Amino acid sequence: MISKRTLLGSAVGFGLVAGFSTSAMADTITVATVNNGDMIRMQQLSPQWEKETGHTIEWVVLEENTLRQRVTQDIATKGGQFDVMTIGTYEVPIWAKQDWLVPLENMPDGYDADDILPSIAGGLSVDGTLYAAPFYGESSMVMYRTDLMEKAGMEMPDEPTWTDIAKAAEAMHDGENEIYGICLRGKPGWGENTAFLTTMANSFGARWFDMDWKPQFDSPEWKESFTTYLDLMNKYGPPGAASNGFNENLSLFQQGKCGMWIDATVAASFVTNPDDSQVADSVGFTLAPNKEGVEKRANWLWAWSLAIPAGTDAEQAAKDFVAWATSKDYTEIVAEKEGWANVPPGTRTSLYENQDYLDAAPFAKMTLQSIELADPTSPTVEEVPYTGVQFVAIPEFQGIGTAVGQALSAALAGQSSAEEALAQAQSITQREMSRAGYGK
């Protein structure tokens with residue numbers, strides 16, 4: 001894109017104190033981001049950065065699936081619409097190897113890239129070079145209503161199995177009063193229902209591909225996993241679940257309509273915030289479940305991160321913004337305005353050594369434990385030729401994962417059986433992988 005050069009500017013305040021460099025010319029940068037709560041807060045706080053640097057920001061805030069489509073199309077076609085993109089652990093290594101991203105070298109003084117959690121930094125790096133800065137990192141875990149569990153005379157285990165989850169969902173379910181035993185992602189998309197169902201499948205011993213890149217949706221493990229998912233949702237899930245993704249389930253939980261929700265650890269601050277959640281004082285956390293006898297748990301590893309597309313003509317301003325929004329200083333700003341429990345989690349070692357944060361965030365230790373348990377290099381029980389926990393780290397996965405998500409969501413909506421949906425997933429994946437030349 002063509003940056004809009006305006007007035008000469010000078011930076012004062014936070015930008016100068018924190019050591020962030022500023023440009024002699026003021027730029028307008030366009031930032032594309034997802035409409036999650038932490039990013040909305042970043043947008044609301046960004047006038048401080050604008051004031052301190054003289055730069056301005058044009059925001060493009062989109063729903064998750066739409067954001068992914070827009071930024072992928074733009075960077076692949078060198079459209080130049082954005083100076084900063086919010087992308088994830090899946091895209092960063094693939095795009096970096098295509099020379100589509102600016103390496104985040106020579107970050108401003110005080111940024112402290114070494115403080116980033118090793119597992120998070122590793123997923124955003126190629127050959128030791130960071131290509132995106134994590135805004136927040138996450139795994140997944142179980143969030144549940146402690147009051148409903150107590151009412152049912154039950155206790156949630158520290159390391160639950162899917163059998164434990166089913167029993168808890170049944171005990172808490174009260175459909176007549178719009179309290180649903182469990183809320184899970186049903187909205188189709190490679191980063192929506194496919195992400196959750198892939199980790200669930202991992203925990204049943206399933207995998208996307210064998211070592212010859214042959215799809216495995218016809219395996220007993222996938223059938224058991226997907227059937228269990230449909231059984232839980234059909235018996236104890238909310239109506240219209242095939243349309244529910246992260247934000248929709250977050251809203252349901254905050255309204256007190258979910259007994260249990262298995263999803264991103266980043267949601268913990270929102271479900272425990274009394275300003276937003278009607279059940280803030282009755283939320284417990286535990287590890288994502290596994291099937292009895294299977295060592296893998298249904299938790300993923302992800303970081304929503306800020307990256308700079310190669311070719312931007314506002315690279316320095318973009319880098320300054322990325323550094324500001326992902327810095328320890330930004331964390332302090334959020335803590336001062338919103339409280340320590342609401343700072344972006346899962347990115348920096350220092351946050352989990354900060355007693356103020358640990359005291360304010362009852363979910364902090366569970367978040368860190370879940371992140372550390374996820375291993376993208378060994379995501380499944382049986383050996384696989386790919387890396388990635390809730391995705392397969394190959395360029396073709398974005399299209400395949402979305403098509404598979406649509407097939408699986410249709411079964412949740414009652415438009416097909418589990419067997420038909422899995423057969424369709426097998427066919428789609430086999431066709432596209434053959435076209436791409438895998439397994440030959």
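Let's start with helix α7 (residues 162–172), whose buried residues are W162, I165, A168, A169 and M172. Buried here means under 20% relative accessible area, with exposed over 50% and partly exposed in between (1.4 Å probe, protein chains only). Helices (H or I, at least four residues) and strands (E, at least two) are DSSP runs, numbered from the N terminus. Seen down the axis of α7, these buried residues fall within an arc of 120°, so they line one face of the helix; the arc is that of the directions from the helix axis to the C-beta atoms.

A word on the model: it is predicted, so local features need pLDDT of at least 70 and side-chain atom pairs count only at pLDDT 80 or more, while totals for chains, interfaces and linings use all residues. Residues are numbered from 1 along each chain as its sequence is written, and side-chain values use heavy atoms, with hydrogens and water left out. pLDDT is the predictor's confidence in each residue, from 0 to 100. The protein chain has a mean pLDDT of 93, with 95% of its residues at 70 or more. Over residues 1–23, however, pLDDT stays under 50.

What covers the buried residues of α7? The cover includes the elements in this table, where contact means heavy atoms within 4.5 Å.

| Element | Residues |
|---|---|
| β7 | 140–145 |
| α6 | 146–151 |
| α8 | 193–202 |
| α9 | 220–236 |
| β8 | 260–264 |

Two of these elements, β7 and β8, belong to an open sheet of 3 strands in the order β8-β7-β9, with antiparallel pairing. β8 and β9 are the edge strands, each pairing on one side only. From one strand to the next, the twist averages 30°. Two strands pair if DSSP finds at least two bridges between them; β7 and β8 have 5 bridges, in the antiparallel sense. Y144 has M260 in β8 as its bridge partner.

Helices also meet this sheet. α7 lies across β7 and β8, at about 130° to β8. Helix α15 (residues 364–373) packs on the sheet too, touching β7 and β9, and its direction makes about 25° with that of β9. Axes are lines fitted to C-alpha atoms, for helices over the stretch in contact, and angles run from 0 to 180 degrees between N-to-C directions.

Finally, look at N299, in the loop between β9 (283–287) and β10 (302–307). N299 counts as buried because its relative accessibility is 6%. Leaving aside neighbours within four places in sequence, its contacts include S139, S140, T199, S370 and L373. The side chains of N299 and S139 are joined by a polar contact of 3.2 Å. Such a contact is a pair of N or O atoms within 3.5 Å; within protein, one must be able to donate a hydrogen and the other to accept it, and residues adjacent in sequence count only if both atoms are side-chain atoms.
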